[in-house]
Amino acid sequence: MGKRRESSAHRGGRRLGDRNCLAIVLAAGEGSRLRSARPKVLHAIAGQSLLAHVLAAVRAAGNCRAAVVVAPGADAVVDEARAAMPEVEIHVQAQPRGTAHAVLAARAALARTADDVLVIFGDTPLLRPQTLLRMRAALAEGAAVVVLGFRPSDPTGYGRLVMAGSDLVAIREELDASPAERAITLCNGGLMAFVGKTALAILERIGNDNRKGEYYLTDAIAAARAMGLRAAVIETEEDDVRGINTRAQLAETEAALQQRLRKAAMEAGATLVAPETVFLAADTRLGRDVVVEPFVVFGPGVTVEDNAVIRSFSHLERAHVGAGARVGPYARLRPGARLGRDVHIGNFVEIKEAVIEDGAKANHLAYIGDARLGAGANFGAGAIVCNYDGVAKHRTDIGKGAFIGSNAALVAPVKVGEGAYVATGSVITDDVPPDALAIARGRQVVKKSRAARLRARKGAGRKAAVKKRRAPAR
Ligand code: UD1
Ligand code: CA
């Protein structure tokens, strides 16, 4: 079937790859159903904003210019769009007067006629690049408008696709639908594709004669038909087009995406012992034969190289784990943690903005931030770097093969040379030269028999007090 589509697209004159494309992403809606102070498209799933997910799909589909339609003053949305795709065009919709009105806010982009125009909602983050390509292939087969249909488990809130045989006649929004139309199970996924040269003319025919008085993009179907043009439907599964209007849908979409990501991680050769308990970010990269134990959370920006083991209850974010390393249980890798090969990071150890070189170990109850721990060095139980003086952060540099005794405090900025030894419980404020031993703690004093005497004296005192309390009042 894929083959057939390709060849007929070819017959249409130019192959899909030669046709240029404009993707208009709508992100100017109020998102009032989320009851949030934050714009809807900036809410995140799998560690990435809804908008970034959509733009990633556009980029992966290739050969597509992107324009994002935002509300006035939505600077945070503009910043997010530019961060996700620096070359993106921004258009402002002055007032939220409906999805068709929003598309026309990008009129300047539309007027520069692309071969294909895709209209994508900023709140459908699970969209896959291959779906965008299927839509474009359907345009190449002769439809002027292509709608992405699906059959949701709960159609509430979605527009219904009104068919006559295999022809799409109209899309009816739920509020405007008759009871019979509401019973239709085939719904509008929101994504639409237009042949570039007729797109603007279709969109300009759309009026606002409906319950909400909005310009509905969905009316493009009736408009195209009135112009004698053909509209077609492509079907996809629900997980491709889940729209997020409510917090419950945000959570459902997160769950669907997590399943997709877990499956992909396992297919790429990682073992997830209990996949349903592991949370991944969209950009998590797990190497071959990585083992992830139950209950691990990956925030954005994590790469784990081959054969590493991430043990239970660990939390990782913007971190790199080298091949064969062992992390956790109960470890926290914060942004900028970079672990080399065969590093061991054990329970209740926190690493931030620090390079832990090959074979180094911090196995228990430690904090290493703004630092380097040289290859093969050992960072003892309960040892910490004191990187923050209340005003600024300072660096700690620990050389190769150094040994940091338990409960040491390294007060940054400070250097511990290669092969140096820091005694347990030391507070290190001055640099330690290579191969030196530094001891910085009060000397131990031992007083013979003093404990027994102390106990006897305290015991005597308590007996006297009890006697006094029991004595009859005079
Ligand atoms: C829309 C469709 C519905 C479809 C559903 C799929 C219309 C009229 N309805 O409904 O048929 O089943 O999506 O998820 O198109 N937006 C703007 N400016 C506006 C209005 C909306 O930029 O003036 C943006 C929103 O930010 C959002 C997208 O357009 O990203 C969709 O708007 P939304 O209000 O969520 O539409 P739905 O009611 O979900
Ligand atoms: Ca929506």
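Biologist: Is Phe295 buried, exposed or partly exposed in this model?
Modeller: In this predicted model, Phe295 counts as partly exposed, because its relative accessibility is 45%.

Biologist: And what about Phe313, buried or partly exposed?
Modeller: Phe313 is partly exposed as well, at 42% relative accessibility.

Biologist: How many aromatic pairs does the structure hold?
Modeller: There are 5 aromatic pairs. In one of them, the rings of Phe295 and Phe313 are stacked, because their centres are 5.5 Å apart and their planes lie at 5°, with under 30 degrees as the limit for stacking.

Biologist: Where in the chain do Phe295 and Phe313 sit?
Modeller: Phe295 is in the loop between strand E14 (291-292) and strand E15 (297-298), while Phe313 is in the loop between strand E17 (309-310) and strand E18 (315-316). They are 18 residues apart, so the pair links distant parts of the chain.

Biologist: Which residues do ring pairs link into a cluster?
Modeller: The cluster consists of Phe295, Phe313, Tyr330 and Phe348.

Biologist: Turning to Phe403 and Tyr421, how far apart are the ring centres?
Modeller: The centres of Phe403 and Tyr421 are 4.6 Å apart and the planes are at 20°, so this pair is stacked. Phe403 belongs to strand E30 (residues 403-404) and Tyr421 to strand E33 (residues 421-422), 18 residues apart.

Biologist: What is the relative accessibility of each?
Modeller: Phe403 has 30% and Tyr421 has 42%. Phe403 counts as partly exposed, and so does Tyr421.

Biologist: Next topic: which ring face does Arg262 lie over?
Modeller: Arg262 lies over the face of Phe279, 5.2 Å from the ring centre. Lys393 lies over the face of Tyr388, at 5.3 Å from the ring centre.

Definitions and conventions: Residues numbered from 1 in each chain as written. Chains lettered and ligands numbered in written order. Predicted model: local features only at pLDDT ≥ 70, side-chain atom pairs only at ≥ 80, totals over all residues. Heavy atoms only, no water. Phe/Tyr/Trp six-rings, centres within 6.5 Å; stacked < 30°, edge-to-face > 60°. Helix = DSSP H or I, 4+ residues; strand = E, 2+ residues; numbered from the N terminus. Buried < 20%, exposed > 50% of the residue type's maximum accessible area, 1.4 Å probe, protein only. Lys NZ or Arg CZ within 6 Å of the ring centre and 35° of its normal.
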